[in-house]
Amino acid sequence: MEELDLTTREGRFRHFGSVDPIEGMKPVEKEMMVDLQSSKKDFLFEVDSVGINNLSYPVVIGDFQSVGTFELATSLRKNEKGINMSRILESLETENNAGVPLEFETLQRVLEILRARMHQEEAEMTADGKWYFSKPSPHTQLSGMAHADVKYSMRISESGVERKQLGMTAMVTTLCPCSKEISEYSAHNQRGYVKVLLDIDPEAELPEDHKEQLYEVLEINASSQLYPILKRTDEKMVTERAYENPRFVEDLIRLIAYDLVELDWVKGFELECRNEESIHQHDAFSRMSYQK
Ligand SMILES: Nc1nc2c(ncn2[C@@H]2O[C@H](COP(=O)(O)OP(=O)(O)OP(=O)(O)O)[C@@H](O)[C@H]2O)c(=O)[nH]1
């Protein structure tokens, strides 16, 4: 048996079963390799979207770095077998500067590069991430880090932006109007989730503080709001505020919808409110969509 030197990594690898690569028949030079993806014939259908998803990638949202989850894709013509997927990551890398800024101008630049490098008619991207921001408590004004989930989605074609969407999920407090009405004292209340997906008018000027505006619309219509730091004076304030503003999921969705209709950069929206009921094991929800 071959004497192995276990003081070297190679020796240890062989000791544990590693073997030499075989002398293969297939080319090792890129120029000699078949580019199957680029083959052309009648492949029966064109494809709306082909690409990668569930991609974890560093992003910058507002003032902070965060982690984004991306889907990037292009369309594919009927006479082409596939796309060269490595170019997707190459396109995203062009805007990576300690993370890709999650905002529409950057996403559009990436998509234009992607569409051009892939020689396809359309390119699209959806990216989700957690937006962190500083939020002061209502009475003592002590700031702590709060967060909401945001989603940026865009599809472009030769003729420009085909889809521009901004999504957000915010947490709120809701206090049950029915419970308040029928009980001698107290009322059940819970943490609610408000989720919205806005269709944005690509022609409209998007305000710089669009995330802040949207967050305010989602939380201000609830019974009360959530804060990272609450001293006793703050806690009294949010408790009483919730009692003063009871909301069913139906109330909350309609109040938010009214404010969204007022935003002139919003073309339409899908909206959902969900309460993690504190008197049930199930949740209560309301959902609606609206096009202006
Ligand atoms: N089209 C396609 N590619 C896949 C699939 N699964 C994996 N791949 C990718 O195939 C890729 C090969 O990269 P390509 O971009 O075609 O490589 P290439 O042809 O050397 O790249 P270019 O020089 O840009 O043309 C790898 O990045 C894999 O991720 C699939 O289902 N379809």
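How do the residues of the shell around the ligand divide into nonpolar, polar and charged?

## Around the ligand

Two of the shell residues are nonpolar, three are polar and three are charged. Keep in mind as you look at them that this model is predicted. The residues around the ligand are Lys 30, Asp 35, Gln 37, Ile 83, Asn 84, Met 85, Ser 86 and Arg 87.

For Gln 37, an N or O atom of the side chain is 3.0 Å from an oxygen atom of the ligand. Asn 84 places a polar side-chain atom 2.8 Å from a ligand oxygen, and for Arg 87 the corresponding distance is 2.5 Å. How much of the ligand does the protein bury? Of the 660 Å² that the ligand exposes when taken alone, the protein buries 51%.

## Two domains

Stepping back to the whole chain, you can follow it as domain 1, residues 46–127, and domain 2, residues 137–292. Taken over C-alpha atoms, the centres of domain 1 and domain 2 are separated by 29 Å.

## Where the domains meet

Contact between the domains involves 21 residues of domain 1 and 18 residues of domain 2. Together, domain 1 and domain 2 bury about 1,700 Å² between them, with 62% of that area on carbon and sulfur atoms. Which three residues supply more than any other three of the area that domain 1 buries against domain 2? They are Phe 104, Glu 122 and Glu 124, which supply 35% of it.

As for polar contacts, nine residue pairs are counted between domain 1 and domain 2, with both residues at pLDDT 80 or more.

Technical notes:
Residues are numbered from 1 along each chain as its sequence is written. This is a predicted model: local features need pLDDT of at least 70, side-chain atom pairs count only at pLDDT 80 or more; totals for chains, interfaces and linings use all residues. Side-chain values use heavy atoms; hydrogens and water are left out. A residue is near a molecule or strand if one of its heavy atoms lies within 4 Å of it. A polar contact is a pair of N or O atoms within 3.5 Å; within protein, one must be able to donate a hydrogen and the other to accept it, and residues adjacent in sequence count only if both atoms are side-chain atoms. Accessible areas come from the Shrake-Rupley method with a 1.4 Å probe; for residues, only the protein chains shown count as cover. Ala, Val, Leu, Ile, Met, Phe, Trp, Tyr, Cys and Pro count as nonpolar, Asp, Glu, Lys and Arg as charged, and the others, Gly among them, as polar. Domain bounds come from an automatic or database domain assignment. Contact means heavy atoms within 4.5 Å. Buried area is the accessible area (1.4 Å probe) that two parts lose on being put together, summed over both.
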